[in-house]
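Colleague: I've got a model open and I'd like to learn how to read it. Could you walk me through it, one feature at a time?

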Amino acid sequence: ALPGHLLRVLLPLLTVFHLERAEDAARRAGLSTQPIWRKLWDDVMKTRPPNSESITCWRKKFLETFFSNVLHGVLDVSSDWRLNDRHFSPLLHSSPHVSQLTLCNMLQGAVELTAEHNHKVLENLAGSLRILKFQHLLSCDQSIMRSLVLLLHRLIHHGSVSQVSVYSWPAPDTVLLVLILTMSAGFWRSGSALAYHGSPCGLCREEDKAQSQESAQEGAERGCNAEQEGSGGENQKRPPKEADAHMNSVLSGPRSPPLRNPACEEKSSEVPCGHTNIQESSSPHSSSEQLSCHPIPRKTRRRLKPAVGRKRRCLRRSRGHYADPEDLYDFVFTVAREDNSGSLDKTSTTERENTENCTSSSPGSPCTGHAGCKKRGGPAGILSLKAAHRFRSVSTLELFSIPLTGETCRTLSNLLSSWVSLENLVLSYNGLNANISCILSGLQALSRHPECRLRALHVSDMFSHMPCMELVHCVLSALPQLHTLSVSFDLKNQLEGSRPEANPSCSEAEIPESCLEVLEIRFPREPLHTAFLLPVLKASKSLQQLSLDSATLPCPQELGLLLEVLKECTPNLKKLSFHDVNLAEHQKEVLLLLQDPGLQEITFSFCRLFESSTAEFLSEIINTVKRNSSLRSLKLPGNRLGNHRLVALADIFSEDSSSSLCQLDVSSNCIKPDGLLEFTKKLEGHIQQRGGQLPFTHLRLFQNWLDQDAETAQEALRRLRAVCSVVNGAWDSSQAFADYISVM
């Protein structure tokens, strides 16, 4: 209860341990500790964090980064007196502030976090962690993999992690990758088989006990009802098979094989490529409530048959023992055929071959018969989910720069087919090629599930297996409930002969009405045919944002046709973006877009707007924007504005303007310090004429030539920041020019 003036003096002199404990007292005294945490960052981390302008809480930022650095051994707490406190346990006291964690290389962090002395640290993370990332992973031995199993089980199945991201894994260990995917999807063995500090998982044990008590009570009630109704009275009313099943359930008591959700009955439906029709918990509660639910044991009246052709080992259940290494491998890669009824049935050789060699001509249908989908045996066959419990699963999965083989894609497709909690899927630079069909077949099976929550799909790769618009058609036909779709390719297939030709019926195919709100397409220098885009736009009445990148216009009239289609089919469109599309000869269409009363944000990025234009074109742009009261953001990066055009743009905010423009992006436009200063002075003059009222709030200036005269640039930026928020970064224009010349 120190007075505020004394607390203000003492706060900068406290260690991290005592500063953390003084937070509440400082808040009650009306004092902010943010400057102290920011200074701690500068003194201890000695780096500038990315996007520092957007950091709202330096306390959380410092403690979260501090936790990660200590965990990975890159920070010595004895290096600063504020960290070196005998009361301060670095991992324990910073863990409640960690919402995002990255594990790297040999997963040493997983081993440390699952050590017995860090039990409380792991419990804190189970409540605070939301995003778990893996980066630059390497193969690991069985002991490390067991630590990873415990970590994922606690943080995902019994924790709060909602996003799993895996980055930069050029040669992925298939066993380890499938393990991460499987546990992220909520599948694993019975919780009692997961040893945790020498004993089975306590949370699983408690839930199993509660489930057993509930099942015993239900069995007793059924027994009482059977006695009251008489030994034969009810069975006489039943068909013979139903009577036998009923008696078996009464006499044998309840059983609890793993996969059955009592909250919702399974519905039989055809699932392509041997997908298992396994449904997650369905409830009327919100997404966040469903994500925080506990594992749901699933009940059935018959025992599951063993997998065909090989013996299945059970994980050791004796107290104090971890899973046998071979058992772990067997679980991840057990080969079994799982039919839609939820049972494991013996299948004849002919039937298995028919399933294995299923073919399709387009994504969204059963998997194509390429090599990746033909193999059932080997280390990456169809994942057997029948031996697993369904636990809580994540809502976002991101895979960046990880080559996915045909077998891995088949396993992922099998998981996706029942991953109803999944809301956002990102597949980036995975070398999918023809395997995209297998992934889409799993997503199509998922979309038929009544509890499916998938809303965003992002697919990007180096090479495109099929024309972009054909892929967009296939995705929207299979997943009409998507709200966001992003498709991006750098180049056409390197083997042009192996790339399917554009389907001539693509533009005529009917697409069911979709919920699409955001559509982003990056063409691998393909021509933009409005006829192919037309069915997509007709089906997407709710579209609010459209981005077209790296497309070529096959004829001068194509852009005009596109604008007509947009006006007719997308009444709710608010944001339109063109990137790396040559618009130098389309000045009329550019002006039509700028005067569209429905658009609130327009981007012309590296579109060569002023490559062959006259002064009259710039004047027309300014006058058009001045009359448009609905436009809020105008982004013009990479269009060679130069000093004189930037200065002219200041007239958008003149006294006679009705513009509501708030944001202007003039990055990468060869702007020099003297031009920026002149723009600032002109803007200040317009503010005075308007009585100090100006809607303009944000200016972006990245990668301009402001380093050529540092003093003038600093003066211009200082005066600009009195008017609006300015975002720019340090950039060496001379080096950038040298790099440009070197690749010409």
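Modeller: Let's start at phenylalanine 62, which touches Val16, Trp37, Leu40, Trp41, Val44, Met45 and Leu83, leaving aside residues up to four places away in sequence. Contact here means heavy atoms within 4.5 Å. Keep in mind that this is a predicted model, where local features need pLDDT of at least 70 and side-chain atom pairs count only at pLDDT 80 or more, while totals for chains, interfaces and linings use all residues. Residues are numbered from 1 along each chain as its sequence is written, and side-chain values use heavy atoms, with hydrogens and water left out.

Colleague: Fine. Which residues have the most contacts inside the largest nonpolar core?

Modeller: The general idea comes before the case. In soluble globular proteins, nonpolar side chains tend to be buried together. A nonpolar core is a set of buried Ala, Val, Leu, Ile, Met, Phe, Trp, Tyr and Cys residues joined through side-chain atoms within 4.5 Å. Buried means under 20% relative accessible area, exposed means over 50%, and partly exposed is in between (1.4 Å probe, protein chains only). In this model the largest such core has 173 residues, and Phe62, Phe134, Phe578 and Phe604 are those with the most contacts inside it. Helix H9 (residues 142-157) gives the largest share of this core, 8 residues. Helices (H or I, at least four residues) and strands (E, at least two) are DSSP runs, numbered from the N terminus.

Colleague: Now the rings. How many aromatic pairs are there in the whole structure?

Modeller: A pair of aromatic rings is described by the distance of the centres and the angle of the planes. Rings of Phe, Tyr and Trp (its six-membered ring) pair if their centres lie within 6.5 Å; planes under 30 degrees apart count as stacked, over 60 as edge-to-face and the rest as tilted. A search of the whole structure turns up 8 aromatic pairs. Take tryptophan 37 and phenylalanine 62: their ring centres are 5.8 Å apart and their planes are at 45°, so this pair is tilted. Tryptophan 37 is in helix H4 and phenylalanine 62 in helix H5 (residues 58-71), so the pair ties together parts that are 25 residues apart in sequence. Both tryptophan 37 and phenylalanine 62 are buried.

Colleague: And phenylalanine 578 with phenylalanine 604: what kind of aromatic pair do they form?

Modeller: That pair is stacked, with 6.2 Å centre to centre and 10° between the planes. Phenylalanine 578 sits in strand E14 (residues 575-579) and phenylalanine 604 in strand E15, 26 residues apart, so to speak of the pair is to speak of a link between distant parts of the chain. Both phenylalanine 578 and phenylalanine 604 are buried. How many salt bridges does a search of the whole structure find?

Modeller: A salt bridge is a side-chain nitrogen of Lys or Arg within 4 Å of a carboxyl oxygen of Asp or Glu. The search finds 19 of them. In one, the side chains of arginine 27 and glutamate 23 meet at 4.0 Å, N to O. These two are separated by about one helical turn, because they are 4 residues apart in helix H3 (residues 23-28). Glutamate 23 counts as buried, at 8% relative accessibility.

Colleague: Which residue does lysine 39 form a salt bridge with?

Modeller: Its partner is aspartate 43, with the closest N and O atoms 2.8 Å apart. Both lie in helix H4 (residues 34-45), 4 residues apart, about one turn of the helix. Lysine 39 is partly exposed at a relative accessible area of 48%, and aspartate 43 is partly exposed at 25%. Further along, glutamate 715 and arginine 719 meet in a salt bridge of 3.4 Å, N to O. That pair lies in helix H27 (residues 710-721), again 4 residues apart, about one turn of the helix. Salt bridges that share partners also join Lys39, Asp43, Asp80 and Arg82 into one network.
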